[in-house]
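Please look at the sequence and the model before reading on.

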Amino acid sequence: QILELVLAKQKRHGVFLQDEHHKTPLHLAAEMGSSKHVEVLAKNTRNINSRDEKGRTALHSAARKGQR
């Protein structure tokens, strides 16, 4: 349900959500290993290659956490 709210807000307001470390919802889902959420967010994000403050993409974040 939270994922649906995030996607709706992004679409409705045209915002690109990031936290204080420039991580997007996709980064956070990748770090947590939530493949279902990663798939939905990857299909609906404006920039799948966005980078956090350390220059890492969501793929980098997933790999660092040992996610597949």
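## Nonpolar core

Which residues make up the largest nonpolar core? The model is predicted, so local features need pLDDT of at least 70 and side-chain atom pairs count only at pLDDT 80 or more, while totals for chains, interfaces and linings use all residues. Residues are numbered from 1 along each chain as its sequence is written, and side-chain values use heavy atoms, with hydrogens and water left out.

The largest nonpolar core has eight residues: Leu3, Leu7, Leu26, Ala29, Ala30, Leu41, Ala58 and Ala62. At least two of its residues come from each of helix H1 (2-13), helix H2 (25-32) and H4. The most, three residues, come from H2. A nonpolar core is a set of buried Ala, Val, Leu, Ile, Met, Phe, Trp, Tyr and Cys residues joined through side-chain atoms within 4.5 Å. Buried means under 20% relative accessible area, exposed over 50%, and partly exposed in between (1.4 Å probe, protein chains only). Helices (H or I, at least four residues) are DSSP runs, numbered from the N terminus.

## Salt bridges

The whole structure holds two salt bridges, each a side-chain nitrogen of Lys or Arg within 4 Å of a carboxyl oxygen of Asp or Glu. One joins Glu31 and Lys23 at 2.7 Å, N to O.

The other joins Lys43 and Glu39 at 3.2 Å, N to O. Lys43 and Glu39 lie four residues apart in helix H3 (residues 35-44), which means about one helical turn separates them. Lys43 is exposed at 64% relative accessibility, and Glu39 is partly exposed at 47%.

## Ser61

Ser61 lies in helix H4 (residues 58-64) and is buried, with a relative accessible area of 3%. Leaving out residues up to four places away in sequence, Ser61 touches His27 and Glu31; contact means heavy atoms within 4.5 Å.
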